[in-house]
Structures are given as C-alpha cells and as structure tokens.
Amino acid sequence: MGRKQHRVTLIPGDGTGPELCGVVKDVLRAAGVRIVWDAVEAGGGVVEKYGTPLPSHVLDSIRRTHVALKGPITTPIGTGFRSVNVALRRELDLYASVRPCRSYVGLGSRYRPIDVVLIRENTEDLYAGVEFAAGSREAEQIVAMGAGKIAAHSAISIKPISAKATKRIARYAFEFALTHKRRKVTAVTKANIMKFTDGLFLEVARKVATSYEGTIEYEECLVDSMCLQLVQQPEFYDVILLPNLYGDILSDLCAGLVGGLGMAPGANMGESDAVFEAAHGSAPSLKGLNKANPTALLLSAALMLDHLDERNAAQRLREAIADVIREGKALTFDLGGTAGTCEMGYAVIEKLVRSC
Ligand code: NAD
C-alpha cells in the first residue's frame, strides 16, 4: 500500500457528478490511498458567482496539483456557454484522451471478451470551436469560396487537423501500446472523403507507425467500417487511434459493447497535467436519485492511481470492482440490478477492506 500523500484537484461537476465523486472518495480512502483533495467548482452553477463556467482558480489548482478527478459537467445545447470539458482540455493542453473498454464476467454482454483502448486526439478537429452562424459575414465569405458547393446561408464549422497535433497523438498511441504490452494500433479516419484533413491524419499516423515496425502492428480502417467491425468482431481490435470527433462517437459505441456508459472510464493526458473522468455525461435524469452507476468514475480513479504510481491500490480497486460485478448482488439498474450508487460503492469498499 502506498504511504505517499497525494494532492489532487477534485471537480465534482453537476448532475450525478457530486454523488459519484462522493462514492469515489470513500472507495479511495478504503483502498488506503492518502489523498488531500483540493475541491473546486466549475460549470453552469458558478457562472453567476464568477462570471464564467471555468473560473481561473480551477485551472490554477490543476496547474498546482497536476492531477484532477472530475465529475461530468452539463453543456447547454445550441445556446449558452461552450463546453467546460472541452475548454479544460484546451487550456491545459490535455491532448490525449484515453478510453479503455473491457468486458467483465457477470455482465452477460452479447459480445465476446473485449479489451480495447481508444486513443482520441483531444484538441483539434470539429471540436476546435471555430464556427460561424448562418448569415454571418464570415459564413457568407466561406459560402462564396465554396464555389457553389455550399448552400447559401449555411452555418459553417471548421475542421482543423495539423501534422503537429497528429504526430503527438499518434506517438502517444504507439507508446501506450508499447508500455501496456499491446500488439496493434488501428488508425481510424474518413480519409477517402476528407482528403486533406483526415488524409493528413492518416499520412502522419503512417509515418509514426514506421518507427514501431516489427514491434507494434499497424493497420487502418475507415470510420464507418470501424463501427461495423466493432459490432461484429470487437475482439479483433486492440489500441484504436482516432481524431477528436470520431473518438467521441466510437467511445460511446465501445462503452455500449461492454455494458453501457456506466462502465466506461477515461483519462485526459497532457505533458504535465492529467484529468481523469468517466466517458459519460451528467445524466441529469438520474441526478440525486442514488441510481447512477459509479463504475466508470471508479475505473477512471483506478487510471488516476496508476498515474500516481499507486499501482497496487489501482489493481486491488479493479479486482474489487470485477468481484462485485461477477457476484451480481450489488449492481445498479443499468447493469440489471437494483442497488443504488452508494450500495454498489459500499460493496466495492467491502471487497477492498477484505483484500487489505
Ligand atoms: P449522458 O452520458 O449524461 O447520458 C446518456 C445516457 O446514459 C442517459 O440515458 C443516462 O441516464 C445514461 N448514463 C450516463 N451515465 C450513467 C451512469 N453513470 N449510470 C447509469 N446510466 C448512465 O449523456 P447526455 O445525456 O448526452 O449528456 C448530458 C449532459 O452531459 C450534456 O449536457 C452533455 O453535454 C454533458 N456531457 C458531459 C461530459 C463531461 O463532463 N465530460 C461528457 C459527455 C456529456
């Protein structure tokens, strides 16, 4: 058991975020990891107080601790502020999103054993937030440049992909494969249609792959075909490298293959900072009901423990979660059970305490 004390920023978020974070804090304490939490608030709830959903003290805290555990934060659709989650990744240059998806015995998934890791570029693509409203001067200029290919008065989103960011994420994917003893990286694009943007992503990924020849296998797949392949033969895939938007979509698909969003953890990694969060959103309809599945955030916390070099505790936590799922007595509704968020958390704590 690690004796070191860690300082970690905690962003409880909104919706189901605070109740899930509460459970994770209790579980980590039971795992014997010593963490001093620096709790800070972000999201719609703080706009009135600070004039922004992402106050500077939140970023300052992470720049100090270099590690954060984050609950989900709601993003208003269509209007209002842009995503705090996206802004956080951009401000801290958390360029790599790591989303492991593996199946657990006891969940009765209709799919064969799955163990894939999606590595998603986190800073570019249609997530860059370069958008022009229909009828705006900029949109009209681009419509004119489209030489008849863009309908008049269209709204426009720009999809930037750079060689620099692609090289960085491709290297991350191959290094991840090496250090985690994985065998293959599959690069996913729509380069047959988006020849310049996805084409560049593929060209750079290919170049990076040559440095790992003979060590890590490399292959390519178009994103539409990848969706089909993942549903038909997911066991064929290992590490999957994607630009931002496809990464977002396919990580939900992969979560669906292994039991749903409540089972999908995530890590946003930068050169100096890391933010760990579940792949799912704030699930507003479950807020305050003690119904949300805590597994995704618990598994995100296990990734955080690996990062903090608390590997023993991380492994014990993963085994405790796997035991609870295998036994099937304390599962939340999305996994076919009747337990609440807290009850599933207590069950994990019981296993951890026994494994001490
Ligand atoms: P969501 O992930 O919140 O919910 C999708 C579905 O999954 C819902 O049916 C929900 O009830 C279920 N679900 C989600 N988490 C669950 C859990 N832990 N246990 C059981 N069921 C769970 O996605 P959404 O409804 O599209 O988004 C809600 C809000 O969250 C939006 O404002 C969105 O922008 C935001 N969001 C935030 C993040 C983040 O903070 N990183 C990520 C995705 C979405």
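Helices (H or I, at least four residues) and strands (E, at least two) are DSSP runs, numbered from the N terminus. The structure here is a predicted model, where local features need pLDDT of at least 70, side-chain atom pairs count only at pLDDT 80 or more, and totals for chains, interfaces and linings use all residues. Residues are numbered from 1 along each chain as its sequence is written, and side-chain values use heavy atoms, with hydrogens and water left out.

From Leu 228 to Thr 295 it is 67 residues along the sequence and 27 Å in space, C-alpha to C-alpha. Another leucine, Leu 289, belongs to the loop between strand S12 (274-277) and helix H10 (295-307). Leu 289 is partly exposed too, with a relative accessible area of 47%.

Zooming out, the protein chain splits into domain 1 (1-95 + 267-356), domain 2 (115-124 + 161-257) and domain 3 (128-159), with bounds that come from an automatic or database domain assignment. Between the C-alpha centres of domain 1 and domain 3 there are 38 Å.

Next come two strand residues. Ser 97 is part of strand S4 (residues 96-102) and is buried, with a relative accessible area of 1%. Setting aside neighbours within four places in sequence, Ser 97 has contacts (heavy atoms within 4.5 Å) with Leu 118, Ile 119, Arg 120, Asn 122, Ala 267 and Asn 268. His 6, in strand S1 (residues 5-11), is buried as well, with a relative accessible area of 5%. Not counting residues up to four places away in sequence, His 6 touches Val 33, Arg 34, Ile 35, Val 36, Leu 308 and Glu 310. With Glu 310 there is also a side-chain polar contact of 2.6 Å. A polar contact is a pair of N or O atoms within 3.5 Å; within protein, one must be able to donate a hydrogen and the other to accept it, and residues adjacent in sequence count only if both atoms are side-chain atoms.

What about backbone angles? Most residues other than glycine have a negative phi. His 66, though not a glycine, has a positive phi of about 70 degrees. It lies in the loop between helix H3 (56-65) and strand S3 (67-70) and is partly exposed, with a relative accessible area of 35%. Ala 147 also has a positive phi, near 45 degrees. Its loop runs between helix H5 (137-145) and strand S7 (156-157), and Ala 147 is exposed, with a relative accessible area of 65%.

Finally, the ligand. It is surrounded by 19 residues, and the closest are Ile 73, Thr 75, Gly 281, Ala 283 and Asn 293; a residue is near a molecule if one of its heavy atoms lies within 4 Å of it. A backbone N or O atom of Gly 281 is 2.6 Å from a ligand oxygen atom, while a backbone N or O atom of Asn 293 is 2.9 Å from a ligand nitrogen atom. Taken alone the ligand exposes 810 Å², and the protein buries 68% of that, with areas from the Shrake-Rupley method and a 1.4 Å probe.

Conventions:
Buried means under 20% relative accessible area, exposed over 50%, partly exposed in between (1.4 Å probe, protein chains only).
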